[in-house]
Amino acid sequence: MESREFYGGIAFDAYEVLGAHPAGQRPGWDFCVFAPHARQVQVVGDWNGWDLYRAAALTRCGDGLWRVRVPRARAGQLYKYNILG
């Protein structure tokens with residue numbers, strides 16, 4: 001995904017980057033969300049009992065994306081992002 005296409009609203013492959021994806025050969029899943037004005041982003045889900053105190057903190061990338069790998073996440077589990085404005 002080209003960032004200029006994403007910001008221009010013509011990136012038809014954003015789904016390949018955003019959301020949750022298997023981490024490949026490593027255990028867990030990779031999470032990515034676009035939240036350019038957020039101060040903090042966490043992901044919480046079935047793997048941690050929906051406990052915000054044990055939520056995985058995403059790291060801010062320079063392009064407005066936030067990313068994290070959650071080793072305990074598995075296929076079929078539910079998740080949500082907790083975004084602090």
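Gln 42 lies in strand β3, which spans residues 40-45. Strands here are DSSP runs of E with at least two residues, numbered from the N terminus. The model is predicted: local features need pLDDT of at least 70, side-chain atom pairs count only at pLDDT 80 or more, and totals for chains, interfaces and linings use all residues. Residues are numbered from 1 along each chain as its sequence is written, and side-chain values use heavy atoms, with hydrogens and water left out.

Strand β3 belongs to an open sheet of three strands. The order is β4-β3-β7, and the pairing is antiparallel. Strands β4 and β7 (79-84) are the edge strands, each pairing on one side only. Two strands pair if DSSP finds at least two bridges between them. Two bridges join β3 to the antiparallel β4. In general, strands of a sheet pair through backbone hydrogen bonds.

Gln 42 stands opposite Ala 57 of β4. Ala 57 sits in β4, residues 56-57. Gln 42 is buried, because its relative accessible area is 13% (buried is under 20%, exposed over 50%, partly exposed in between, with a 1.4 Å probe and protein chains only). Ala 57 is partly exposed, at 47%.

Beyond four places in sequence, Gln 42 touches residues including Leu 52, Leu 58 and Tyr 81. Contact means heavy atoms within 4.5 Å. With the same exclusion, Ala 57 is in contact with Val 41, Gln 42 and Val 68. The side chains of Gln 42 and Asn 82 are joined by a polar contact of 2.8 Å (a pair of N or O atoms within 3.5 Å; within protein, one must be able to donate a hydrogen and the other to accept it, and residues adjacent in sequence count only if both atoms are side-chain atoms).

Technical notes:
Helix = DSSP H or I, 4+ residues; strand = E, 2+ residues; numbered from the N terminus.
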